[in-house]
Amino acid sequence: MKKFARIIGTGSYLPPKVVTNHDLEKTLDTNDEWIVARTGISERRIVEEEGTCDLAVEASNNALEMAGIDANELDLIILATTTPDKIFPATATMLQNQIGATCPAFDLQAVCAGFVFAMTTAQQYIENGGAKKVLVVGSETISRLVDQNDRSTAILFGDGAGAIVLSADDETGILHSKICSDGRYLSSLQVSNNRINELGFIQMSGNEVFKIAVNRLSNLAETTLQECDMTTEDLTWMVPHQANIRIITAVAKRIKLPMEKVVLTLDKHGNTSAASIPLALDVAVRDGRIKKGDKLMLEGIGGGFSWGGLLVEY
Ligand code: UT7
């Protein structure tokens with residue numbers, strides 16, 4: 001019998017330090033009005049001492065608690081991150097140890113699309129019978145890759161973690177998934193260093209990323225709906241990567257999705273890279289917006305470019 005990968009628990013964690021747009025006005029040539037109007041972001045969380053694993057542990061424990069399972073019942077852990085605490089070992093193995101799991105654990109790197117790539121990988125394991133319970137985490141201390149003197153990026157990014165427990169289910173779960181990459185755009189969005197032992201910061205051609213993001217994400221949403229024999233009206237919620245309110249609004253407009261059906265957290269979280277989708281999902285599950293049976297579309301794009309989407313029955 002076909003198995004589905006069903007979400008049975010969500011969790012998230014934000015580091016306590018809040019950096020508002022007004023805080024940034026003190027050190028950068030920018031202002032709250034510009035940032036809110038151009039991005040939709042009002043504040044973001046930034047780590048002090050915490051590492052990517054620390055954030056992941058908190059989010060994972062919250063997700064395991066909601067799922068009602070112990071860490072030692074997990075068959076696999078996949079951690080999507082662009083900011084591992086060390087080049088090796090994988091931050092996922094540090095997470096495995098700290099939450100008390102014993103299963104295989106690995107990191108996955110697809111920048112802001114990392115969570116969708118990790119969910120799609122977990123889905124394959126579950127549907128093929130290779131795993132019954134999988135922890136999928138997006139955790140980032142992306143502020144470590146941001147030049148805090150560069151106003152084009154320092155206003156955008158924030159730190160945080162989100163986690164999902166997927167379980168093999170006979171009836172429903174992930175209905176459709178698609179991941180894509182196009183490596184021609186290296187210079188549009190990358191870290192500036194060429195060697196791992198050199199210090200690097202995010203460099204981005206914002207306008208170019210913006211246009212490609214709107215185009216690729218709306219095309220992906222349309223083909224996903226077609227392949228599922230569904231229309232926009234069948235969607236209960238869109239949970240997009242939280243990069244820029246104008247990207248999200250433009251995609252929603254192209255696919256004729258009312259903004260009331262879009263989960264938005266970027267005003268308080270900023271762009272948390274691979275963590276943004278599971279963070280937003282957890283917020284909407286815990287505040288009661290997302291309910292059992294809802295049809296969710298999750299979509300994200302990031303450096304590479306890599307992008308992907310999932311259609312999920314919650
Ligand atoms: O997670 C996936 C990766 N990233 C993204 O998805 C980000 C995609 N891109 C964006 O979100 C937007 O392109 C940005 C928010 C980065 C920039 O917004 P924009 O509307 O594309 O602004 P722009 O770069 O075209 O700049 C417009 C103006 C310029 O001034 P002039 O030349 O018109 O006088 C900039 O110098 O705004 C100026 N500007 C700023 N002003 C105040 C640029 N950054 C700032 C700033 N504060 N922080």
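The following legends describe close-up views of a predicted model.

View 1. The shell around the ligand comprises 21 residues, of which Thr-30, Asn-207, Asn-244, Arg-246 and Asn-271 come nearest.

**View 2. Polar side chains facing ligand oxygen atoms.** Asn-207 places a polar side-chain atom 2.6 Å from an oxygen atom of the ligand. For Asn-271, a polar side-chain atom lies 2.7 Å from a ligand oxygen atom, and for Arg-151 the corresponding distance to an oxygen atom of the ligand is 2.9 Å. The ligand taken alone exposes 950 Å², and the protein buries 72% of that area.

**View 3. Helices and domains contributing to the ligand shell.** Helix 2 (32–39), helix 7 (206–227) and helix 8 (245–254) each supply at least two residues of the shell. Helix 7 gives the most, with four residues. Domain 1 (4–169) and domain 2 (174–313) each provide at least three residues of the shell around the ligand.

View 4. Strand 4 (residues 76–80) is largely enclosed by the rest of the structure, because five of its five residues are buried. In a regular strand, side chains alternate between the two faces of the sheet. Leu-76, Ile-78 and Ala-80 are buried on one side of strand 4, and Ile-77 and Leu-79 are buried on the other.

**View 5. Strands paired with strand 4.** Strand 4 runs parallel to strand 6 (residues 133–140), to which five bridges join it; Leu-79 has Val-137 as its bridge partner in strand 6. Four bridges join strand 4 to strand 5 (residues 105–108), also in a parallel arrangement, and the partner of Ile-77 in strand 5 is Ala-105.

Note on methods: Residues numbered from 1 in each chain as written. Predicted model: local features only at pLDDT ≥ 70, side-chain atom pairs only at ≥ 80, totals over all residues. Heavy atoms only, no water. Near = heavy atom within 4 Å. Polar contact = N/O pair within 3.5 Å; in protein donor to acceptor, adjacent residues only side chain to side chain. Areas by Shrake-Rupley, 256 points an atom, 1.4 Å probe, with all protein chains shown as cover. Domains from an automatic or database assignment. Buried < 20%, exposed > 50% of the residue type's maximum accessible area, 1.4 Å probe, protein only. Pairing = 2+ DSSP bridges.
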